[in-house]
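Dear colleague,

Please find below the structure that I am handing over to you. After it come my notes on what was found, with the cut-offs given where each term is first used.

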Amino acid sequence: MASPPLALAQSPPPKSPAVSVTRRNPHCWSELPLDLMQSVFERLGFTDFERAKSVCSSWQSGTRQSQPNNQIPWMLLFPEDKNYCLLFNPEDKEKVHKTQNLGDDFAKSVCCKTYRSWLLMETYHRGDREDDVYILNILTHERINLPTCKSRFFIRHRILWIDEETKDYLVIGVVDDEKVVSIKKGDNSWKEIILFPGIERWPMELEEEIPQLVYKDDKLFCLNFNKLHIFDFSGDTPLLVFETCVKECVKRQLVYLMRLPYEYDVHRRNNMVVTVGGDILIVRRKLLPRRSYTWNFRIFKMDWSQGNKWEEIFTLGDEAILLDLGITVLAKDLEGITSNSIYYCEAPDEDLHYNDNVLVVYNVDTKKIEQPQESVSSSLPFSFACWFLPSFKRG
């Protein structure tokens, strides 16, 4: 019998509740028709779905043909030099789930991007051997090996998309400020795509020169320098379908010939986000070290009716931003996620004087930051941590 994809890393599983079922009762919950039972199960979050399995044998059987619904971001933690990872569901509070063995090369690989329960992984090799790139489902252990790519591209600036049913996939990686490479199901090799031929470069730091990418509904949204471009990727060749200026809401970090005094040092990041409804947001954050390394966020929304007009907004309403994924999710009435908040990860940064991955939730209303990772584990060293949206569809 196959082992379950997830196991509790802390605390034993809850005991099955004692449920008294009277077979002669025509309205007994255990005798619901299967289609109605599945309709109920597919509206449950992961925690309630797991609890439903323990109600009775009929419900346990019904869950085998269903999967839970999930819109809540989980924390994905990669212990150093381990072939498994840890998952924390905010609904479960103090419980941490541990995946099973994910392969001998998993501990030597780096997670470049997530899409639902799929990870884009790259294994680095020393010498002349090219790196291995593959897509892995951390829940089902399905794996798709990709051809090696001769172009070295930036780890944190990639796109992964995959269809849960057909396993069609698309991977995009940024090579430099004008070029990307892509591969999709059926391709034998990576394709080089020039998105911005002859672009005028500005004297900016490396991080500021790399295009920011978001992929949604066959569209690639690209924030590059002071322009926002949208490319249609539904055909064989990407087509530019929209272009606008973002000068009024994007501030760049200039490179100074003379280093400013430390107390005046400013760090900036600009992120692009596509909302549930298809609106485009620019999230601008600024950090002043003299203020205890706390980011200050400003959010701008593009007014489609005005073309290139941007307005600053001060609330996300019922949505929450998953900054590293470049999307929003509906947070209303969902336990485990806070609406009007920004979920993001602070990667190790030598300039900012911290060495750990820190998962953070920023409340737009209160302008306060919380670090839920501390409640999960503060003793284990992690090589990487990120927010992700797991999908429990069966492969």
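A contact, as the word is used here, means heavy atoms within 4.5 Å. With that criterion, residues 24 or more positions apart account for 49% of the contacts in the protein chain with a separation of 6 or more.

Please keep in mind that this is a predicted model, in which local features need pLDDT of at least 70 and side-chain atom pairs count only at pLDDT 80 or more, whereas totals for chains, interfaces and linings use all residues. Residues are numbered from 1 along each chain as its sequence is written, and side-chain values use heavy atoms, with hydrogens and water left out.

Overall picture

The protein chain has five helices and 26 strands, where helices (H or I, at least four residues) and strands (E, at least two) are DSSP runs numbered from the N terminus. Of its 395 residues, 48% count as buried; buried means under 20% relative accessible area, exposed means over 50%, and partly exposed lies in between, with a 1.4 Å probe and protein chains only. The chain exposes about 21000 Å², of which carbon and sulfur atoms supply 48%, the areas coming from the Shrake-Rupley method with a 1.4 Å probe and, for residues, with only the protein chains shown counting as cover.

The cores and strand β23

A nonpolar core is taken as a set of buried Ala, Val, Leu, Ile, Met, Phe, Trp, Tyr and Cys residues joined through side-chain atoms within 4.5 Å. The largest one has 21 residues, and of these L77, I337, Y343 and L359 touch the most other members. At least two residues of this core come from each of β2 (74–79), β3 (86–88), β21 (319–322), β23 (341–346), β24 (358–363) and β26 (382–388), and β26 gives the most, with three residues. Another core, of 19 residues, lies apart from it and has L76, L119, I138 and F388 among its members.

Strand β23 deserves a separate look, since six of its six residues are buried. Both of its faces are covered, with S341, Y343 and C345 buried on one side and I342, Y344 and E346 buried on the other. In a regular strand the side chains alternate between the two faces of the sheet. Two strands are said to pair if DSSP finds at least two bridges between them; on that basis β23 pairs with β21 in the parallel sense over two bridges, and six bridges join β23 to β24 in an antiparallel arrangement. Y343 is the bridge partner of L322 from β21, and Y343 also has V361 in β24 as a bridge partner.

Two open sheets

Strand β7 (residues 132–137) pairs with β8 over four bridges, and I135 has I144 in β8 as its bridge partner.

Five bridges join β13 to strand β14 (residues 219–224), where V214 stands opposite F221.

Salt bridges

How many salt bridges does a search of the whole structure find? The search gives nine, a salt bridge being a side-chain nitrogen of Lys or Arg within 4 Å of a carboxyl oxygen of Asp or Glu.

One of them joins R143 and D105 (3.0 Å, N to O); R143 lies in β8 and D105 in the loop between β4 (96–99) and β5, so the pair ties together parts that are 38 residues apart in sequence. R143 is partly exposed, at 36% relative accessibility.

Another joins K179 and E192 (3.7 Å, N to O), with K179 in strand β11 (residues 179–184) and E192 in strand β12 (residues 191–194). K179 counts as buried at 18% relative accessibility, while E192 is exposed at 51%.

Kind regards
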